Amino acid sequence: MNMSFLQDLLSNISMRTRGRSSLFGTLDKSASSLQNLISACDTLMHRGGEASQILTAQRALEHYRRLNDEEKLAFFTLLADDYSADPAPIHAAYQLYCEHQDNAALERLFNACEPRRQDLLRRLNLCPGGTFELVHMRADLLKRLKQNPELSALDADFAHLFASWFNRGFLVLESIDWNTPAAVLEKLIRYEAVHEIGDWHDLRRRLDPEDRHCYAFFHPATGDEPLIFVEVALCRGIPGNVQKILEHGEEVPLDEVDTAVFYSISNCQAGLKGVSFGNFLIKQVVQELSRELPQLKNFVTLSPIPGFSAWLDQQLESPQAGEEDAPDSGTQKELSRLAATYLVNAKHRSGQPLDPVARFHLGNGASLHRINFQADLSAKGLQQSKGLMVNYLYQLDRIEHNHETFSRDYSVVCTSDIRRLASQAKQPLSLEPSA
């Protein structure tokens, strides 16, 4: 990987600083890891030299790694409560702004409103490997948000900082193939979230042939840990069955391919939830493939419909539907009609499409191109999507227009056939499944 030099440099710095850690601060061996972590954070917030700050941040993250689940919750609660913004400076800065309303007063108000925990997280990020440690820390936090909604402000601080630290300018696009180092290939097997990779032979079928490609985004601070990756099949025509792609029988000569199919997109780091990578990834891969294979005419996905089964089950059980007009999902035509209704009409409370994959691709500027019957007959495909899959179409000259159309009022850009199917609903259907 082209980031190995940077990673080696950071590792050497880390090894040297560990050897000097005794020069900066002392460790209370009688205290718990949580107590030592709190003490290190308090020390970190008092400005010192750069070397001492790096070592203190490193020591704090080492203490964090030793915490049990109960101690992690206690630490997150401490950050949410004790490291919030101080009301007194906010009131004073606001009063000053009301009096002067100039840029200097506005900057003072902005600084006063920033929670102290954001500054703490920046300082924890000083040490080598700190960024990735904080990504893991947020993953721990996300597991606790549902039961502890009072921690949502802390999560917002993580998200705010990560949006800057992981912006597009820092991302490195890498092509992954069978000759990529095994350490990276192992991670693809582990992180694949759409179509499980069974073993190394399965992975080789996806990477080694000429008509298979894989691309991933990396970040200098995370080394050989991918952030997101996409698997691509080059085909003749637009495919409608994922098993044929995964089984990969006869290889298609490159001079005969006309379609690039994005059949699996996997986010790798739970702690980066909400930080958008996929839209940049797909658009850049489309550009890369267009340059490499100018004969390509179609860029499509073969995507699951992960919310469809749950939504359909709710319609079938809906007490407001009589037996004579309850939806019948037993035929190809009726199932396709229901899927079109779900994809075009079913809305989240925010007004966006209810289906998360639809939100992702439509928001990226794709259009809803085709619904495929019996497209994924795996246990997972039948369970979540009734075996249906969708082709979302990426047209280079329409991406920005479609994105703007969707952003304006969440309009679903689709073919006239799908729009016609969606308009044939026999009854008003609930637009959001019950929790």
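# Notebook: a walk through a predicted model

**Entry 1: Ala375.** I began with Ala375, which is buried, with a relative accessible area of 0%. I am working from a predicted model, and I keep that in mind throughout. Ala375 sits in the loop between E6 and H17. Which residues does Ala375 touch, leaving aside its neighbours within four places in sequence? I found Gly240, Asn241, Val242 and Gln243, and also Gly387, Leu388 and Met389. I then looked up how Ala375 and Asn241 are placed: they are 134 residues apart along the chain, yet their C-alpha atoms are separated by 4.1 Å.

**Entry 2: Gln374.** Next I looked at Gln374, which is also placed in the loop between E6 and helix H17 (379–385).

**Entry 3: Tyr410.** I found another positive phi at Tyr410, about 60°, although Tyr410 is not a glycine. Tyr410 belongs to the loop between helix H18 (399–409) and H19. With a relative accessible area of 27%, Tyr410 is partly exposed.

**Entry 4: the whole protein.** I stepped back for an overview. I counted 19 helices and seven strands in the protein. Of its 435 residues, 48% count as buried. I also checked contacts between residues at least 6 apart in sequence, and 74% of them join residues at least 24 apart. The pair Ala375 and Asn241, 134 residues apart along the chain, came back to mind here.

**Entry 5: helix H15.** At 1.5 Å a residue, its 14 residues should span 20 Å, and its end C-alpha atoms are 19 Å apart, which agrees. How many of the 14 residues of H15 are buried? I got 11, so H15 is largely enclosed by the rest of the structure. The buried ones run from Glu334 through Leu335, Ser336, Arg337, Leu338, Ala339, Ala340, Thr341, Tyr342 and Leu343 to Val344. I then asked what the buried residues of H15 pack against. The partners are helices H14 (308–317), H16 (356–363) and H19 (416–422), along with strands E6 (367–372) and E7 (389–393).

**Entry 6: the cores.** The largest nonpolar core has 88 residues, and Phe75 and Phe308 touch the most other members. H15 supplies the largest share of this core, seven residues. I also noted a second, separate core of 13 residues, which includes Leu185, Leu203, Cys214 and Cys268. Going back to Phe308, I left aside its neighbours within four places in sequence and listed its contacts. They include Leu335, Leu338, Ala339 and Tyr342, as well as Asp355, Gln384, Ser385, Lys386 and Leu388.

Entry 7: I found Leu67 in the loop between helix H3 (50–65) and helix H4 (69–82). Its relative accessible area is 7%, so Leu67 is buried. Beyond its neighbours within four places in sequence, Leu67 is in contact with Ser33, Leu34, Leu37, Lys72 and Phe75. Leu67 and Leu37 are 30 residues apart in sequence and 9.1 Å apart in space, C-alpha to C-alpha. In helix H3 I looked up Thr56. At 5% relative accessibility, Thr56 counts as buried.

**Entry 8: Phe218.** Phe218 lies in strand E2 (residues 212–218). Its relative accessibility is 0%, so Phe218 counts as buried. Phe166 is 52 residues from Phe218 along the chain, and their C-alpha atoms are separated by 9.7 Å.

**Entry 9: H8 and H9.** My last stop was a helix pair. Helix H8 (residues 130–145) and helix H9 (residues 152–165) pack at an angle of about 145°, with their axes 10 Å apart. The crossing of H8 and H9 is left-handed. From H8, the contact is made by Thr131, Leu134, Val135, Met137, Arg138, Leu141, Leu142 and Leu145. From H9 come Ser152, Leu154, Asp155, Phe158, Ala159, Phe162 and Trp165. Sorted by class, this contact has 11 nonpolar, two polar and two charged residues.

Conventions. Residues are numbered from 1 along each chain as its sequence is written. This is a predicted model: local features need pLDDT of at least 70, side-chain atom pairs count only at pLDDT 80 or more; totals for chains, interfaces and linings use all residues. Side-chain values use heavy atoms; hydrogens and water are left out. Axes are lines fitted to C-alpha atoms, for helices over the stretch in contact, and angles run from 0 to 180 degrees between N-to-C directions. Helices (H or I, at least four residues) and strands (E, at least two) are DSSP runs, numbered from the N terminus. A crossing is left-handed if the near helix is turned anticlockwise from the far one by less than a right angle, and right-handed if clockwise. Contact means heavy atoms within 4.5 Å. Ala, Val, Leu, Ile, Met, Phe, Trp, Tyr, Cys and Pro count as nonpolar, Asp, Glu, Lys and Arg as charged, and the others, Gly among them, as polar. The expected span of a helix is 1.5 Å times one less than its number of residues. Buried means under 20% relative accessible area, exposed over 50%, partly exposed in between (1.4 Å probe, protein chains only). A nonpolar core is a set of buried Ala, Val, Leu, Ile, Met, Phe, Trp, Tyr and Cys residues joined through side-chain atoms within 4.5 Å.
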